[in-house]
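Biologist: I would like a close look at one part of this model, with the cut-offs behind each term spelled out as you go. Please start from a single residue and then widen the view.

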Amino acid sequence: MKDSKKVTKKSPAVKVEEKFIEEENDNRVIIFIAIAILVIIGTIIGLLVGCDKKSEEKDPVKPKDDIVVPDTKEEDKKEDKETTVIKKVTTKSNDKNEETYVVSFNLLDEDDVHTVEVKNGKVSPYVPNGYTSCKYYADENLTKEFDFTNKITSNTNIYTSCSIAVYTIIYDKDTNSQTEYDLKEGKVALSDANLEKGFFEGWYTTPDFSGDRVYYLSKDLTKIANEQNEIHLYAKVADSYSVRYHSKGGEVGITFTYYSQKPIRIENYGGFAPEGMKKLGFATKPGSNVIEYQLNQMVTLTGDLDLYAVFGTARVIYESEGETVTVGMTSEELDNYNLPTPDEVGLKTPTYFVKVDKTNENAKEVVPDEIEELLDNQIKISDAKSKAGENETIEVGDSVEELEKVFDGWQAKETDEEGNEILVDVDDTYKPEDNTDNELVAKWKEQDKTTDTTDTTELNEEENTTETLDLVEEEVPVEETVPEVSTNVEVTPEVIPETTM
């Protein structure tokens, strides 16, 4: 039996195996625990790193990529504004990259070129003023029509062949002016409106008479034509004009009202002449001695007219190449008389033409009289010849410059023993005669060709910048011995037969 018990006891080998199994189980537990610990540590580290990143992004003070971020709202707005400006600059830069080309429409019938700038696009057909039914070609020989569907990629010439348009002129008042017009006619003067009553004051392109008055049918007028090639012109008409005669003190003495365009007579109104004087004529400004209208002169009214009687004992008539200025003077003014310059009495400085090189900045090209529409740098041959300088032979194609003449003193008109009118030079001691008309003619000479033109012109202007002539502007008070016509009395033409129109 003892042997039997020994047999059933565990052998040492078995114990060693059980021990090994137990130790192996313990090692697995340790490994699992170690892995778990590593996972926990990794999770904690990940959470800490994530928190640090969020904290860094939310912190406005913490530097990022070496750029300091402003800590005020105002600076944030400024930064946003600068960003917008950058976008605009980028857009503008793109505009600069667009190529701009010039398209020239050459009108074959005239020396007329119309240019259009095109930016990376197409061009539309151009119809010149005064023309219709245009055709467009890519070459001057008109062999290839221009294709407006193609994109413009370079400076381009387009050759235009058109028909001259005929325009219908429509007037709102009866007139003898022509009712059709085309460019071949050039400038055509307009006639006045035919009126039974009232005064014609001109043709205008608008019913409210805004803009400038129209005197001619011309190429410029075709710009206002409608799609039917009609041009409407409107007559400006005034119902009546008044002529007011003023007393010596400036008050209205008597008024006449006229209702038609027939010429009228300047009547002897405006007060009685002071003792020892006579009425010499009428000025159009109070206090002026410059006589613009004579007694009994026939005039056609162009507007209301104010007349101021000029009293005195003599007249001095100043003449200069077709211009005339008449001044009334008293005996006292004649005693204190000093010779004026032409500029002081209101006379213009005459001009003349000389031939110059084409490079002269003031040069004008002489063209035939047949040319109706002149450019700024052109002049007709007849106009240039009529004012040609001494020893100047001017022809078509020449270049001329207009120069001012230099004042060279006065000459008095006198009558010799045989009754012939002569001119006599006068000096600074000259005195006009009383109780008569004294006529003085201005002498002019051309500029010295050896002297610089500009300097001579300036010298001439300086000579004319003296004080204004006293006798023109100053009125000597004289007592009136005869009662004046009652003031503010209006008389119609029906009351005075000789002035009724």
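Predicted model: local features only at pLDDT ≥ 70, side-chain atom pairs only at ≥ 80, totals over all residues.

Modeller: Residues are numbered from 1 along each chain as its sequence is written, and side-chain values use heavy atoms, with hydrogens and water left out.

The partner of Arg244 is Asp306, and the closest N and O atoms of this salt bridge are 2.8 Å apart; the term stands for a side-chain nitrogen of Lys or Arg within 4 Å of a carboxyl oxygen of Asp or Glu. The pair links distant parts of the chain, since Arg244 sits in strand S11 (residues 241–246) and Asp306 in strand S17 (residues 305–312), 62 residues apart. Here helices (H or I, at least four residues) and strands (E, at least two) are DSSP runs numbered from the N terminus. Asp306, with a relative accessible area of 22%, is partly exposed as well.

Across the whole structure, the search finds nine salt bridges. One of them joins Lys405 to Glu321, with 3.0 Å between the closest N and O atoms. Lys405 lies in the loop between strand S23 (399–404) and strand S24 (406–415), and Glu321 in the loop between strand S18 (314–320) and strand S19 (323–329), so this pair ties together parts that are 84 residues apart in sequence. Lys405 has 16% relative accessibility and so counts as buried.

Another salt bridge runs between Glu421 and Lys413, whose closest N and O atoms are 4.0 Å apart. Glu421 is exposed, at a relative accessible area of 57%, whereas Lys413 is partly exposed, at 26%. Through shared partners, salt bridges join Glu319, Lys413, Glu421 and Glu439 into one network.

Gly276 belongs to the loop between strand S13 (264–265) and strand S14 (278–283), and its relative accessibility of 66% makes it exposed.

Elsewhere in the chain, four strands form an open sheet in the order S2-S1-S4-S3, with mixed pairing. Strand S2 (112–119) and strand S3 (131–137) stand at the edges with a single partner strand each, so one side of each is left without a neighbour in the sheet. From one strand to the next the twist averages 30°, with angles running from 0 to 180 degrees between the N-to-C directions of axes that are lines fitted to C-alpha atoms. Two strands pair if DSSP finds at least two bridges between them. S1 and S2 are joined by eight bridges and run antiparallel, whereas five bridges join strand S1 (residues 100–107) to strand S4 (residues 156–164), which run parallel. Val103 stands opposite Val116 in S2 and opposite Thr156 in S4, while the bridge partner of Phe105 in S4 is Ile158. S1 is mostly covered, with six of its eight residues buried.

On the surface, Ile31, Phe32, Ile35 and Val39 form a nonpolar patch that has about 420 Å² of accessible area together; such patches take residues with over 30% relative accessible area and no salt bridge, nonpolar side chains (Val, Leu, Ile, Met, Phe, Trp, Tyr) being joined within 5 Å and like charges within 9 Å. Ile35 is in helix H2 (residues 12–58) and is partly exposed, at 46%.

For the protein chain overall, there are seven helices and 27 strands, and 32% of the 501 residues count as buried. The chain exposes about 33000 Å², 48% of which is supplied by carbon and sulfur atoms, with areas from the Shrake-Rupley method and a 1.4 Å probe. Among contacts (heavy atoms within 4.5 Å) between residues at least 6 apart in sequence, 63% join residues at least 24 apart.

Notes. Buried < 20%, exposed > 50% of the residue type's maximum accessible area, 1.4 Å probe, protein only.
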